[in-house]
Structure formats: structure tokens, C-alpha cells
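Let's take a walk through this structure together, starting where the chains meet and then moving inside one of them. Have your viewer open as you read.

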Amino acid sequence: MPATYTFIASNTLSTSAASVTFSSIPSTYTDLVLRMSPRDTQGATDSQCFIKPNSNSGTVYTDTRMTGNGSTAISTRNASNANGNVVGFYSASSATANTFGSLEVYIPNYAEAAVKQIVTFGTAESNAAEVRLSVTGGLFNNTTAISSLLINAGNNFVAGSSFFLYGIKNT
Amino acid sequence: MPVTYEPIATTTLGAAAANITFSSISSAYTDLKIIVANYKTASGTQDICLRLNGDSSTVYSFTAMRGDGTLATSNRGTAYPRAMLAPGSWSSTTVPATSIIDIFNYLGSTNKTILCKTAAEGTEANQIHVSVNLWRNTSAINSVAIFNSGSVNISAGTTATLYGIKKA
């Protein structure tokens, strides 16, 4: 039986950065998984980051999200926009020191000539008063195969933020 | 480094079918993962469901949470004859709903839990759904069937892939 959960690339930041890009993603997999552990310089307990396949800046992104903060759950929706698909909440500068968010992005059938679903799940838990957990269903409304991923920080990802990209084959 | 994540089987329906079943599942893994891209049926109101080892007795229960962009709600069901993954009516005929299903410790001698995240963004309803199901049965799992409630066929084009995950 072949191995299928294959490491493609990673980036652990040595200095803060406004974005992280994975480029030249091979088309030899069925699905992509991006696992992230970021923290942001934004002056808040948490921040949000966004993902843009192929760095596409068109109004081709929509998403529907559920968010819980320990006392209430809400659902919000972003209609067609050019900001990218929201990935989720992660720790920012007012969060407990040395805490980073945990986020996973799943992109099925990324190399097909069809619109792409992007499923994300993540949290900014930091043992603080304001923490959030979110699940998001996003749509990249473009039929071009995905060959790169641009992840934009809410403000800046801090040094030590890490990003790991994997490919999954179904055969 | 040992291989820990392997494809077991994949199916793409060329024509509508009553179910997608993975049988004779190897006992070589620790956990199972299933990725489903489900297209809407002609009648469009069925739940997408799962059954383990062909067990249709009322030993399944679930708690689910859904968001539609305006409200987040939660519901629960007990003594069901199937695991409930997500409302199939969310998908469309052109954009499938994506379900990511995790079955932990499928060989264990305890009751089994099934976690499922379903995104139906860009479809007719634009919703996100998360569910946890319990199968009150201590048997090892050797088959998984995916089907629609109401005995309605799964649509052509629907795909499902089963993966096995090893702890080492």
C-alpha cells in the first residue's frame, strides 16, 4: 500500500512576516492539508488570517463559519469578496505569552478544473478570557488548478510561527 | 520514518447508486478517515448517513452543530438506525458538499465515535456542519457504508475515499 500523507514544504518564520507563500505545489496529489501554528503582532487577544490560492485577487471567495467562545455560538458569512477565504482565529499579542493558534486547512481535489471547497478548523485557545474556536466552509470560485497558496496574516505573523503543507493521494 | 497514512480504497460513482460501501477493511491501522464529495440528489432533502458493519439497529446517537451564516444551532438524536453525517440537501448538482470523517480506534473493544465536518459552501444552502456520532457497539469495524436517508440513491459523480492511519 503506498504512503499518501506526504510532506511537501514547511516554513517556520525567523522574523515576523505579513504573509507566507507556498509556491510550485506539485499536481501529483488528490488533496492538500495545511497545518499552521501562528501568532500575530496585532494588539488583541486573537487575530484572523486568510488564504488565497494562486494569489488570486478577484472577488472569488465566499465562506460560512461557526464560532464559539465558551459561552455563545454564532454563525457568520462572507459573501463574494477579494480578501481570501478566512482560515480562522489564532493567538495575537494580548494572548497568554508563548501561545500559538492551531489551524488546519483541508483542500480536496485542488488540481481539478472545478471550483474548490476549503474546509478549515482552528482555535486561539490561550487560557484567557476571550478565546475562540471556529469551523469554516469556504469556496474558491475558480476552476484553475491550485499551484500556490498565499496566507495573509491579520497584521504580521510573529517569529516562530510555523506552517506545514502536506499532499494526500487517494491511490 | 514509518508510513502512517495510507489509501485503502476510493470510489467515484459513474451512475447513481444505493450506497458506497467499503468492506473487508484491513485491521492493519489504528484509525480510519473518509473524505466524501457528495452531490445533491434529485429530490434533494436526504441526510447523508453512515452505517458500520451493516448494523441497522437503533444503536447510533449524535450531537450536531450547524451554521448558516446567520444562526448557529445544535440538535441531537438518540436511538437512530444510522449515523447522521450531514443534511445531503445542502449540496448542489454542481458543487459537492465535502465531508471529512474520522473514526477513532476502529478495532477497539469499546463503543466507537465518529467525528464529521461538512462544508457546503458555494452550494444552494451555504452551511457548515459538525457532528459527533456514537455507535454503541464494541465490535471491531470491518465495513463502512455511506448512503442517503429515505432509500434515495446517492448521485452520480459522488466520490468517497477511505484512508487508514497507523500509530506507528
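How many residue pairs are in polar contact between chain B and chain A, counting those with both at pLDDT 80 or more? Keep in mind that this is a predicted model. The count is ten residue pairs. On the side of chain B that touches chain A, several strands each supply at least two residues: β1 (5-12), β5 (60-67), β8 (97-103), β9 (112-119), β10 (128-135) and β12 (159-165) of chain B. Of these, β1(B) gives the most, with five residues.

Now for the extent of the interface. The size of an interface is often given as the accessible area lost when the parts come together. Here, the area buried between chain B and chain A is about 2500 Å², and carbon and sulfur atoms give 69% of that area. In terms of residues, 33 from chain B are in contact with 31 from chain A. You will find one salt bridge between the two chains. To see it, select A:R77 and B:E121, whose closest N and O atoms are 2.5 Å apart.

β8(A) runs antiparallel to strand β3 (residues 31-37) of chain A, and six bridges join them. One point to look for is A:V33, whose bridge partner in β8(A) is A:Y106. β8(A) also pairs with strand β9 (residues 116-123) of chain A, again in the antiparallel sense, over five bridges. There, A:V105 stands opposite A:T120 of β9(A). In a regular strand the side chains alternate between the two faces of the sheet.

The loops of chain A deserve a look at their backbone angles too. Most residues other than glycine have a negative phi. In the loop between β7 (85-91) and β8 (102-108) of chain A sits A:N98, and its phi is near 65 degrees, a positive value. A second case is A:N54, with a positive phi near 55 degrees, in the loop between β4 (46-53) and β5 (61-68) of chain A.

Are these two asparagines buried, partly exposed or exposed? A:N98 has a relative accessible area of 71%, so it counts as exposed. For A:N54 the relative accessibility is 23%, and therefore this residue counts as partly exposed.

Terms used. Residues are numbered from 1 along each chain as its sequence is written. Chains are lettered from A and ligands numbered from 1 in the order in which they are written. This is a predicted model: local features need pLDDT of at least 70, side-chain atom pairs count only at pLDDT 80 or more; totals for chains, interfaces and linings use all residues. Side-chain values use heavy atoms; hydrogens and water are left out. Contact means heavy atoms within 4.5 Å. Buried area is the accessible area (1.4 Å probe) that two parts lose on being put together, summed over both. A salt bridge is a side-chain nitrogen of Lys or Arg within 4 Å of a carboxyl oxygen of Asp or Glu. A polar contact is a pair of N or O atoms within 3.5 Å; within protein, one must be able to donate a hydrogen and the other to accept it, and residues adjacent in sequence count only if both atoms are side-chain atoms. Helices (H or I, at least four residues) and strands (E, at least two) are DSSP runs, numbered from the N terminus. Buried means under 20% relative accessible area, exposed over 50%, partly exposed in between (1.4 Å probe, protein chains only). Two strands pair if DSSP finds at least two bridges between them.
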